[in-house]
Each structure stands twice: as structure tokens, then as C-alpha cells.
Amino acid sequence: MRWIWIDRFTEFVPQRRAVAIKNVSLAEEHLHDHWEAYPIMPTSLMIEGMAQTAGILVGQARGFREKVILAKVAKAEVREIVTPGDQITYRAEIENLTPEAASTRGEVLKNGELIGEIDLIFSHIDRNLAGVEFPEENFVFTGQFERLVAPLLEGTDG
Amino acid sequence: MPMSEGEVFEKVKETLVEALGVDDDEVTPEAKISADLGAESIDYLDITFRLEKAFAIKIPRGELVPEQLLSDPTYVRSGRLTAEGLEELKKRMTHADLTEFEKDPEVGKIMDLFTVQTIVNYVMGKVAA
């Protein structure tokens with residue numbers, strides 16, 4: 001299984017906002033453990049989906065040079081359950097972007113209907129700043145994330 | 001019309017309740033942001049972002065929390081602020097009451113300077129400017 005919790009970006013406005021979708025499928029292993037008799041999408045993985053949507057937005061804003069780490073879940077409220085067959089939409093917007101950190105606001109939709117809000121804070125873990133050499137596999141932005149956003153960046157400065 | 005200290009306090013309280021998930025009645029003027037309200041380092045950033053929004057102010061890095069000062073060997077020696085360090089801290093943190101801290105300026109105690117009142121004083125200075 002790959003640690004990608006969004007399927008596709010449908011909108012990407014550099015430095016401002018991004019929208020991604022995730023189709024929940026019963027083919028996903030984790031749903032069978034959560035739970036076998038009544039599979040539902042874990043809210044923690046929706047937070048991860050939003051973190052990937054917003055994190056790529058924040059990372060792209062600085063040309064993917066920073067390692068963008070989720071530092072705080074400032075707010076997470078999801079009011080409805082999501083089951084196989086549903087489509088989740090993550091709408092993320094940059095609220096603050098500074099050299100060392102960023103904060104984002106986010107909305108979660110199920111089949112087009114607003115069901116929650118997830119606001120996040122990201123920290124830029126720079127290798128010079130930390131004085132620590134991070135191994136390659138710890139890099140946040142591997143090719144798979146960049147490939148995900150690439151089609152939406154064609155023709156822009158990003 | 002400038003905001004009164006009471007109005008600033010109420011808004012700061014609201015900010016801290018949201019950022020730290022504490023109860024209203026825990027946010028008293030004397031409450032220490034880290035020791036009493038449980039803030040970790042990333043929370044200061046969250047608080048900064050929220051204060052900027054709530055009061056429509058800009059908080060430059062190092063102004064509310066002068067963290068760079070602590071990594072400067074001129075200002076810190078053997079875990080304590082030097083005389084120069086203390087002077088510099090006084091200049092930068094006019095919003096904090098340093099009376100107790102001055103007696104034993106141990107770096108580990110510096111976060112105790114951040115009380116709810118410190119933040120109220122800082123914001124008062126910004127909204128009045």
C-alpha cells in the first residue's frame with residue numbers, strides 16, 4: 001500500500017488554494033479492519049488526506065525546497081461517517097505562510113456536501129536549520145507527490 | 001476608538017482557548033502560557049497567527065518570543081542569561097514583567113515570563129501603535 005491519501009488534484013492555485021478528491025473503495029485494506037462488519041473511512045486518515053492536500057500546496061509555494069512537516073492539527077471536526085463508494089473532497093487554503101511555517105484552513109466534503117473542517121499548521125524543517133542530515137526516504141516531497149500536482153501546474157510559474 | 005485592556009484580554013482569552021483547548025476559567029492574567037496552559041513550542045506559532053488575525057496586527061518573528069536571543073553565546077552562558085543578555089531581553093520584552101526572572105535568569109525559566117498578561121500587554125502596545 002502507498003501512503004497517498006488523495007487520488008487527484010482538481011484545482012491548484014499556487015500559494016493560495018488547492019482542491020483534491022479521494023474515492024473511498026472497499027478494495028482498500030484498512031477499511032476491513034475499521035471495521036469488518038461496518039467499514040468506514042477513519043477520520044485520522046481524512047486528516048492525513050487534508051495534510052497531503054494542504055502540505056503539497058505549502059510545499060509548492062516554496063518550490064518544494066522545504067521539508068514541510070505537519071506540526072499541529074489546530075482543528076479537526078468531521079460530522080458524518082464516510083463509507084466505501086463515497087467521494088471525499090479536500091479544500092485547503094493557505095492562511096499564513098512565513099519562512100519557517102504555514103497555517104492552512106480546510107473543508108471536507110462528502111459527495112459534494114460539507115461535512116467538516118480541518119485546520120493545520122506546518123513547520124518547515126530545513127536541514128541547515130536543524131543541523132541534521134535527514135535520510136532521503138524521510139523527504140516529504142518524493143516524486144509521487146510532485147507527479148500528482150504536475151498536471152495542474154502546466155503553464156503556470158510553479 | 002482604541003480597545004480597552006478588558007476588551008483585549010477577552011479576545012486574547014478567546015484566542016488561547018481556541019489555540020490550546022483550555023477552559024475559559026483557566027485563562028487568568030497570571031496564568032503561564034506553557035506551565036499552566038500547556039503550550040508547546042508550535043503552539044506559540046499558532047497563537048501568533050491567531051493574534052495577527054484577531055487584532056489585524058503583524059507580529060514580526062522574535063518580537064513576541066525573542067527565541068534567537070537564546071542561541072546567542074554573548075547573551076547566554078552556562079544556562080543563564082549574561083548581564084548583556086538580560087539588558088537585551090529587557091529591551092525586547094517591554095511587555096513582560098522581569099522582576100522575578102532577574103533574580104535568577106536561568107534560561108529554563110524564560111518561558112515562565114509568558115503569562116496571559118504578557119500577551120495582553122504586547123497586544124495593547126501593538127493596537128495603540
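**View 1. The contact between chain A and chain B.** Eight residues of chain A are in contact with four residues of chain B, two residues being in contact if their C-beta atoms, placed from the backbone, lie within 7 Å. On the side of chain A that touches chain B, two or more residues come from each of β3 (68-78), β5 (101-110) and β6 (113-124) of chain A. β3(A) gives the largest share, three residues. This side of chain A divides into four nonpolar, three polar and one charged residue. The model is predicted: local features need pLDDT of at least 70, side-chain atom pairs count only at pLDDT 80 or more, and totals for chains, interfaces and linings use all residues. Residues are numbered from 1 along each chain as its sequence is written, and chains are lettered from A and ligands numbered from 1 in the order in which they are written.

**View 2. The hairpin of β1(A) and β2(A).** Strand β1 (residues 8-13) and strand β2 (residues 17-23) of chain A run antiparallel and are joined by five bridges; strands pair if DSSP finds at least two bridges between them. Helices (H or I, at least four residues) and strands (E, at least two) are DSSP runs, numbered from the N terminus. A:V13 has A:R17 of β2(A) as its bridge partner. Three residues lie between the strands, and A:Q15 takes a positive phi near 70°.

**View 3. The contact of α1(B) with α5(B).** The contact is made by residues including B:F9 and B:L16 of α1(B) and B:I119 and B:M124 of α5(B). Its residues divide into 10 nonpolar, no polar and one charged, where Ala, Val, Leu, Ile, Met, Phe, Trp, Tyr, Cys and Pro count as nonpolar, Asp, Glu, Lys and Arg as charged, and the others, Gly among them, as polar.
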